[in-house]
Amino acid sequence: MPLKRYGADCALIVVDVQNSFCPGGALAVPGGDEVVPLINHLSLLFENVVLTQDWHPAGHISFAGSHPGSQPFQSVELPYGRQTLWPEHCVQDSVGADFHPELEIQHARLIVRKGCNPLVDSYSAFVEADRATRTGLAGYLQERGVKRLWLAGLATDFCVAWSAIDACAAGFDTTVIEDACRAIDIDGSLSDAWLQMRQAGVKRLRSDEV
């Protein structure tokens, strides 16, 4: 087992590695399960590991089925802004909401559940989609003296990107480990996400550079 390289001022944020986002899941990200062995290895390098978990109530506002006549991947205007509609996924206490069975979670210091408000989606681990409601993760990390973050998980162009951008906005030195992520890539969303992350100050590297 490799020695930890990163101490108390660093953290690995593992985003939404859940059954719904892996092959066979309701909102499967292509190759989503391929990140699991790599994340398991990376997590051994960090003293602080935080997991995020999409945790939607049934009938969540982001589900296409909650909007009669709508189809998954359409967009609608909601009180907090534009919302992509998704297939029903990561419903609380369902198999889809469980972490991938091979993801090693026993050494995680914290699990952040998001998307719990039935009327507001939450891609980011830090701020919900209304851009006002905070999850408390930034405060937790700051209280522990964490200054540098590395992100991995699913999906690069949604929950990883939003989390990374918000991490930078909260003052953390933030890096996305690109080969430890996979993307949905709807209509160029992946290239747009990388552009937005770069503009926000997010760094990008591969796992062999960590």
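Begin at the second largest cavity, which holds about 40 Å³ of space. The model is predicted, so local features need pLDDT of at least 70 and side-chain atom pairs count only at pLDDT 80 or more, while totals for chains, interfaces and linings use all residues. Residues are numbered from 1 along each chain as its sequence is written, and side-chain values use heavy atoms, with hydrogens and water left out.

**Stop 1: the second largest cavity.** Select V14, I39, N40, S43, V49, L51, L103, E104, I105, H107 and A108, which line this cavity. A cavity is a set of points on a 1 Å grid over the protein atoms alone where a 1.4 Å probe fits but cannot get out, and lining residues have an atom within 4 Å of a point. Grid points are joined across faces, edges and corners, and the volume is the space filled by probe spheres set on the points. Helix 1 and strand 2 (49-54) each supply at least two lining residues, and helix 1 gives the most, with 3. Helices (H or I, at least four residues) and strands (E, at least two) are DSSP runs, numbered from the N terminus. By class, the lining has 7 nonpolar, 3 polar and 1 charged residues. Here Ala, Val, Leu, Ile, Met, Phe, Trp, Tyr, Cys and Pro count as nonpolar, Asp, Glu, Lys and Arg as charged, and the others, Gly among them, as polar.

**Stop 2: L38.** Stay on helix 1 (residues 35-43) and pick L38. L38 is partly exposed, with a relative accessible area of 22%; buried means under 20%, exposed over 50%, and partly exposed in between (1.4 Å probe, protein chains only). Leaving aside neighbours within four places in sequence, L38 is in contact with D179, A180 and S207, where contact means heavy atoms within 4.5 Å. A C-alpha to C-alpha line from L38 to A155 spans 15 Å, for residues 117 apart in sequence.

**Stop 3: the largest cavity.** The structure holds 2 cavities of 30 Å³ or more. The largest cavity has about 120 Å³ of space. Of its 15 lining residues, select F21, L27, D54, Y123 and C159, which lie nearest its centre. The lining divides into 9 nonpolar, 3 polar and 3 charged residues.

**Stop 4: the largest pocket.** A pocket, unlike a cavity, is an open set of points with protein on both sides within 12 Å along at least five of seven lines. The largest pocket has a volume of about 390 Å³. It is lined by 17 residues; D157, F158, W162, S189 and Q196 lie nearest its centre. Colour helix 3 (156-169) and helix 4 (189-200), which each supply at least two residues of this lining. The largest share, 6 residues, comes from helix 3. The lining has 8 nonpolar, 4 polar and 5 charged residues.

**Stop 5: helix 3.** What share of helix 3 is buried? Of its 14 residues, 11 are buried, so helix 3 is largely enclosed by the rest of the structure. Among the buried residues are T156, D157, F158 and C159. Show strand 1 (10-15), strand 5, strand 6 (148-154), strand 7 and helix 4, against which the buried residues of helix 3 pack. After the helix comes G171, whose phi is positive, near 100°.

**Stop 6: aromatic pairs.** The structure holds 9 aromatic pairs. Rings of Phe, Tyr and Trp (its six-membered ring) pair if their centres lie within 6.5 Å; planes under 30 degrees apart count as stacked, over 60 as edge-to-face and the rest as tilted. Select W86 and F158, an edge-to-face pair at 5.1 Å centre to centre with 90° between the planes. W86 lies in the loop between strand 4 (81-84) and strand 5 (110-114) and F158 in helix 3, so the pair ties together parts that are 72 residues apart in sequence. W86 is buried at 3% relative accessible area, and F158 is buried at 12%.

Next, select F126 and F172, a tilted pair at 6.2 Å centre to centre with 40° between the planes. F126 lies in the loop between strand 5 and helix 2 (137-143) and F172 in the loop between helix 3 and strand 7 (173-182), so this pair ties together parts that are 46 residues apart in sequence. F126 is buried at 4% relative accessible area, and F172 is buried at 5%.

To finish, select F73, W86, Y123, F158 and W162, which form one aromatic cluster.
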